[in-house]
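I opened this one to see how the fold is put together. Notes follow in the order I looked things up.

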Amino acid sequence: QLDGNLNKFPLRELIEMVVYSSVTGVLELRAGADIGQIFFRDGQPYHAVAGQRAGMDAIAAMFEERDSPFRFVADREAEAATLWIDPWELIERGETQARQWIHIRAFIPNIECVPALRGTPAANQIHIRETAWPLLSAVDGQRNVIEIAAYLNLVQLDACVALADLVEQ
């Protein structure tokens with residue numbers, strides 16, 4: 001068993017170490033209020049979970065953490081598989097998505113919030129990209145962000161990026 005804190009041993013380095021060591025087990029750490037787990041078989045990540053999030057969503061949540069205790073427990077396995085990606089790509093995507101979520105949270109603090117349109121702008125014109133129209137049309141003051149993403153068949157992160165851009169404008 002290996003344990004420590006992400007402020008001394010970043011998640012990127014932990015994953016790299018597991019990959020290079022070709023070990024089987026689970027890396028556990030706090031991801032917000034949840035416990036995040038990344039399962040490895042012979043050094044290859046194959047499943048990740050953090051609360052209700054799984055796969056890359058769970059990985060991104062874990063990469064947002066900077067000061068969290070962690071531990072690696074050898075020889076633990078999961079039945080599920082939610083990751084089918086090269087470990088190096090997983091690290092890059094995880095870090096990128098974590099940065100995006102950090103930016104998004106400045107505008108959308110909770111994905112269960114219900115966005116609503118405000119009054120019309122008086123003097124300022126707002127230019128909306130053509131790709132944002134479907135999202136804007138789904139904002140009805142009743143659907144939350146999760147429901148909007150599902151309604152439009154979008155990945156939650158993509159829907160949140162677009163909504164954050166609209167809010168920022």
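Is asparagine 144 buried or exposed? I checked, and asparagine 144 is buried, with a relative accessible area of 13%. For my notes, buried means under 20% relative accessible area, exposed means over 50%, and partly exposed is what lies in between, with a 1.4 Å probe and protein chains only.

Ground rules before going on. This is a predicted model, in which local features need pLDDT of at least 70 and side-chain atom pairs count only at pLDDT 80 or more, while totals for chains, interfaces and linings use all residues. Residues are numbered from 1 along each chain as its sequence is written, and side-chain values use heavy atoms, with hydrogens and water left out.

**Entry 1: back to asparagine 144**

I found asparagine 144 in the loop between α4 and α5. Helices (H or I, at least four residues) and strands (E, at least two) are DSSP runs, numbered from the N terminus. I then listed what asparagine 144 touches, leaving aside its neighbours within four places in sequence: Ile111, Glu112, Cys113, Val114 and Pro115 are in contact with it. Contact here means heavy atoms within 4.5 Å. The side chain of asparagine 144 also reaches the backbone nitrogen of isoleucine 146, at 3.0 Å. That is a polar contact, meaning a pair of N or O atoms within 3.5 Å; within protein, one must be able to donate a hydrogen and the other to accept it, and residues adjacent in sequence count only if both atoms are side-chain atoms.

**Entry 2: overall layout**

I counted 6 helices and 6 strands. Along the sequence they run β-α-β-β-β-β-α-β-α-α-α-α. The C-alpha trace spans about 60 × 30 × 25 Å along its principal axes. Of the 169 residues, 38% count as buried. Among contacts with a separation of 6 or more, 68% join residues 24 or more positions apart. The protein exposes about 9900 Å², and carbon and sulfur atoms supply 50% of that; the areas come from the Shrake-Rupley method with a 1.4 Å probe, and for residues only the protein chains shown count as cover.

**Entry 3: the sheet**

In what order do the strands sit in the sheet? I read β1-β6-β2-β3-β4-β5, an open sheet of 6 strands with antiparallel pairing. The edge strands are β1 and β5 (53-54), each pairing on one side only. Two strands pair if DSSP finds at least two bridges between them.

I went across the sheet from the β1 side. β1 (residues 2-5) and β6 (residues 69-74) share 4 bridges, and leucine 2 stands opposite phenylalanine 72 in β6. β6 also pairs with β2 (residues 25-31), over 5 bridges. In that pairing leucine 29 has phenylalanine 70 as its bridge partner, and glutamate 28 has arginine 71.

β2 and β3 (residues 34-41) pair over 7 bridges, with arginine 30 opposite isoleucine 35. They form a hairpin with 2 residues between them, and I noted that glycine 32 in the turn has a positive phi of about 70°. β3 and β4 pair over 6 bridges, and phenylalanine 39 has histidine 47 in β4 as its partner. This hairpin has 2 residues between its strands too, and aspartate 42 in the turn has a positive phi of about 50°.

The expected span is 1.5 Å times one less than the number of residues. Aspartate 86 caps the N-terminal end of α3, with a side-chain oxygen 3.0 Å from the backbone nitrogen of tryptophan 88. Buried residues in α3 include Leu90, Ile91, Gly94, Ala98 and Trp101. Their cover includes α1 (11-21), β4 (44-50), α2 (56-63) and α6 (156-168).

α6 has 13 residues and reaches 18 Å, close to the 18 Å expected. Leu157, Ala159, Cys160, Leu163 and Ala164 are buried in α6. Why do these count as lying on the same side of α6? Because they cover an arc of only 155° around the axis, taken from the directions from the helix axis to the C-beta atoms. The cover over the buried residues of α6 includes α3, α4 (133-138) and α5 (145-151).
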